[in-house]
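Here's a quick briefing to read alongside the model. Take a look at the structure first, then go through the notes below.

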Amino acid sequence: MSAKRWSGRTRDELIIEVWEALDCESVGTRELDQIQEALREKFGDGALESPASIARTVADEGAVLRHPEVFVCDTKWREQLISSADYLRSLSFANLADAAESIRKLASWRTKFASQERKKIELSRLKEFVLKTKQDLQLVGRSSLVDPRKQAESREIVQWLTIWMQDPAIFEDWLSLRRRSPEFVKKFSD
C-alpha cells in the first residue's frame, strides 16, 4: 500500500478509504495494522491513531469488528507506547542537582529522537512530559504548605525547563552562567 495512491485528506477519510480498499467486511489485527501503516505513510508518526479508535471509525461505517483481535491489538499498541516512555521514569526534579541531570538527559534524548523514525511521537511525549513537570513544579513553587527553600528551587527549575524548551542548544551554557550569577549564589549556596 503506497501513500501516493490514497486520496483521503483527513485521518478519518484515509481510514475509511484504506478499509474499503482492503475489501473486507470484518476488521481485526491484520486490517488495523494495514490502516495504521497507511496513516504513518501519508501523515507521519504523529498522526497515528490507536487500533481502538480506528476500529470505532470503521465500525461507524458498517465494518464488523473481530472484538477479541481489536482488544488484543489495541492493548499491545498501548503497551508499546508505555514501554517506550519508560525512560521518562528515570528523571527527577526533586532538587537542583537532579533537575540539571534530568534536563541533560532530556537534551540527549531529544537529539537521539531527532534521528529516528518515531521522532514526532517521542518529541511530542518529551514536550508533554516537560509541560506537565513545569505545571507540577509551579504548584509547588506557589504552595504555602511547602518549605520556602523548596518553593524557590521549584521556581528555579521551572525557569530552567522554560529555557530548555525555548532553545535546548543554549541550555548548558545558560545554566552554567545562571549557576554563577550573584542571584543564584545568594539564593542557593550551601
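Let's start with Glu-13, which is partly exposed in this predicted model, at a relative accessible area of 35%. Glu-13 pairs up with Arg-9 in a salt bridge, with the closest N and O atoms 3.8 Å apart. Arg-9 itself is exposed, at 68% relative accessible area.

**Other salt bridges**

- Searching the whole structure turns up 12 salt bridges.
- Arg-149 and Glu-153 form one of them, their closest N and O atoms sitting 3.6 Å apart.
- Both of these residues belong to helix 7 (residues 148-166), where they are four residues apart, or about one turn of the helix.
- Arg-149 is partly exposed at 30% relative accessible area, whereas Glu-153 is buried at 10%.
- Arg-178 bridges to Glu-183, and here the closest N and O atoms are 3.0 Å apart.
- In that pair, Arg-178 is buried, with a relative accessible area of 9%, while Glu-183 comes out partly exposed at 45%.
- There's also a network: Arg-30, Glu-31, Arg-66 and Glu-69 are joined by salt bridges that share partners.

**Helix 1 against helix 2**

- Helix 1 (residues 11-22) packs on helix 2 (residues 29-43) at an angle of about 130°, and their axes are 10 Å apart.
- That angle makes the two helices oblique to each other, and their crossing is right-handed.
- On the helix 1 side, the contact residues are Arg-11, Leu-14, Ile-15, Val-18, Trp-19 and Leu-22.
- Helix 2 meets them with Glu-31, Gln-34, Ile-35, Ala-38, Leu-39, Lys-42 and Phe-43.
- Sorted by class, this contact has nine nonpolar, one polar and three charged residues.

Definitions and conventions:
Residues numbered from 1 in each chain as written. Predicted model: local features only at pLDDT ≥ 70, side-chain atom pairs only at ≥ 80, totals over all residues. Heavy atoms only, no water. Axes fitted to C-alpha atoms, helices over the stretch in contact; angles between N-to-C directions. Parallel < 35°, antiparallel > 145°, perpendicular 65-115°, else oblique. Left-handed = near helix turned anticlockwise from the far one by under 90°. Contact = heavy atoms within 4.5 Å. Nonpolar A, V, L, I, M, F, W, Y, C, P; charged D, E, K, R; others polar. Salt bridge = Lys/Arg side-chain N within 4 Å of Asp/Glu carboxyl O. Buried < 20%, exposed > 50% of the residue type's maximum accessible area, 1.4 Å probe, protein only.
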